[in-house]
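Have the sequence open alongside and follow the points in order.

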Amino acid sequence: MARVAVPLRFGATLRRRPRERRLRAPLGVYLFIAPSILLLLVFSYYPIFSAFYHSLYAWDGVNSRFVGFANFAAMLADDPLHQSVPHVLLLAAAAVTFALTLPLLAAELIFNLHSERWRFLYRVLFTIPMVVPWIVTVLVWQFFYDPIDGPINRVFLALGMENFARGWLGEPRTALGAIALMGFPFVAGLNLLIYLAGLNSISTEVLDATKLDGATFWQRFLHVDIPLIRGQIRLIVILTTITQIQNFAPVLILTKGGPGYSTMVPGMWMYQNAFVFGKMGYASAIGVVLFAVMLALTAVNTRLIRSGEEYEPRR
Amino acid sequence: MKSQRISSRPRRLDLGKHAILFVAVLLTYIPFWILLVTSLKSVEQFYHSLVLPELPLQWGNYITAWGVVSRYILNSTIVTLTVVIGVLVVSSMSSFVFARYSFPGRTVLFYLIIGLLMVPGILTLVPAFVWIRDLGLLNTRWALILPGIAGEQVFAIFVLRAFMAGLPEEIFEAARVDGARMLRSYWNIALPLSKPILSVVVITATLATWNDYIWPLIVISDTTLLTIPIGLAYFQGQYQTEFGPMMAGYVIGSIPLLVLFFFTMRQFVQGLTGGAFKM
């Protein structure tokens, strides 16, 4: 999904220009911002309005009939939707856990290397997978999980552990876990770069002081580095949570929510309601609820992990 | 990049760190290695071994795959280029104005744009589809391009405006004294000075557009217009067990971005580790 919600504190982003800098505005300024605003009104704001509006309607995409809060009430009795909630929570919890451990450890190790050349090389090596199209990674993992020809099962067979081999994505007991583990070891990618950016911005004085105090690697890691990059940590927690809550593309490609409803997630269910069952009003209502959940989680996150600095994360 | 580190000991080899990082690199690249190796195998060779390449290498797989995938690459390139150029034009113009001028409605309009960072794609997926259908844009590239520019410009404006606001006023002042009007200040001063951050915009917009899956899936059903992600998923459906051509297709589909990456590696790694995420 192209767009990802990002938390902001508005006051921090737009400061008034000092008085002497302020210019008499030529009318041209409106011409300069017109394309942006026009595109947003047509392709962003209208769909947002439409989403809230139609969440109160029975809507098949053509005809609509006002039903008040019936769509929201229907969610209370929607069994697949209820089943999907723990799944998405599990996927999000797994993703956050992975994002907070392995790439952070790798970033710390890279940051502490003495050779500049190796630092750059590892950064590049862990950045390349970012530019491999995401779909290729998913499809390769799908191939890895293949029940007959997949490398994972072939390894089990070669080791004589036939009873471990299974259709990883085809069995209700393993499908969700298989989706959660896709992408192991989770080191490569944006998270690592964000951690490195944080570590790089720690002042040299602090690092030298810890060195003079004779702090060990782990002492410094836990008591100096982690507190100083909590802004980045919070950013990653928020981004990962929000991405996981709305991202159903892997599920759509790998299992379509099955077998049964064992990998159903709310986004996937919304998609099915809209594009398989034609219940666009109900799907809009699910979208509205997901939006509310994301806003709430972002607010909670922002409270829980306070950053000492004024600026809010950018993305 | 980092030369300020003071090392008390003359030289350290960091063997333990390298060992762990090496394992991480290995685990990260195993899937890509197997992808590459499998793309050069026939069915029999695939069943013979998994990890090692087998001679003769089956370059024919690439010819088979190219026949299918080339069209998707073309489509993705057209869409991504148009979106990225559109984003650059639109977002740099409005960022410049928001950063350097004060005018009635400035605050409201800016929040109107930036507020969209908080709106997730999933909220608007369904209504946006119906809207695009009602506009008659289904099954056209415009269905990808116009919402693409609209969506990607938000983050672009967010980073660009901050950067342009940080440029020293003296330069603009001097230009004004020399008689430069708004358009000249924008084109001759603001844009050239913003190159580092514009490259970040190019990278993020390219990755997002090239990789988008769900939106193109619902608005494009004409197979001649499919982009890489949907094309590859579709290709996978056609070549169920012929892993060679299938994997060759994945490799070909990965090449354009990899090439772009190797040409922009420095800006890419430094742009993302530097400015954009300092907080």
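1. A word on domains before anything else: their bounds come from an automatic or database domain assignment. On that basis, chain B splits into domain 1 (15–48) and domain 2 (61–277). Taken over C-alpha atoms, the centres of domain 1 of chain B and domain 2 of chain B are 31 Å apart. Keep in mind that this is a predicted model.

2. So where do the two domains touch? Domain 1 of chain B puts 9 residues into the contact, and domain 2 of chain B puts in 8 residues. On the domain 1 side, the elements giving two or more residues are helix 1 (15–38) and helix 2 (43–48) of chain B. Helix 1 of chain B gives the most to that side, with 3 residues. By type, the domain 1 side has 5 nonpolar, 3 polar and 1 charged.

3. Next, the overall make-up. Chain B has 13 helices and 0 strands, and reading along the sequence you get α-α-α-α-α-α-α-α-α-α-α-α-α.

4. On to the shape of chain B. Its radius of gyration is 24 Å, whereas a compact globule of 279 residues would come in near 19 Å. Along the principal axes, the C-alpha atoms of chain B fill a box of roughly 75 × 70 × 35 Å. Of the 279 residues in chain B, 48% count as buried. Looking at contacts in chain B with a separation of 6 or more, 77% of them come from residues 24 or more positions apart.

5. Helix 3 (residues 60–100) and helix 12 (residues 243–263) of chain B pack at an angle of about 35 degrees, their axes 8 Å apart. The crossing of helix 3 of chain B and helix 12 of chain B is right-handed.

6. Which residues meet there? From helix 3 of chain B, they include Tyr62(B), Ala65(B), Trp66(B), Val69(B) and Ile73(B). Across from them in helix 12 of chain B, you'll find Gly244(B), Pro245(B), Ala248(B), Ile252(B) and Pro256(B), among others. The residues of this contact between helix 3 and helix 12 of chain B divide into 10 nonpolar, 6 polar and no charged.

7. Last, the partner chain. How many residues of chain B are in contact with chain A? There are 93 residues on the chain B side, meeting 99 residues of chain A. The side of chain B that touches chain A is made up of 66 nonpolar, 19 polar and 8 charged residues.

Technical notes: Residues are numbered from 1 along each chain as its sequence is written. Chains are lettered from A and ligands numbered from 1 in the order in which they are written. This is a predicted model: local features need pLDDT of at least 70, side-chain atom pairs count only at pLDDT 80 or more; totals for chains, interfaces and linings use all residues. Two residues are in contact if their C-beta atoms, placed from the backbone, lie within 7 Å. Ala, Val, Leu, Ile, Met, Phe, Trp, Tyr, Cys and Pro count as nonpolar, Asp, Glu, Lys and Arg as charged, and the others, Gly among them, as polar. Helices (H or I, at least four residues) and strands (E, at least two) are DSSP runs, numbered from the N terminus. Axes are lines fitted to C-alpha atoms, for helices over the stretch in contact, and angles run from 0 to 180 degrees between N-to-C directions. A crossing is left-handed if the near helix is turned anticlockwise from the far one by less than a right angle, and right-handed if clockwise. The radius of gyration is taken over C-alpha atoms; the globule rule is 2.2 Å times the number of residues to the power 0.38. A residue is buried if 20 or more other C-beta atoms lie within 10 Å of its own, exposed if 12 or fewer, and partly exposed in between; C-beta atoms are placed from the backbone.
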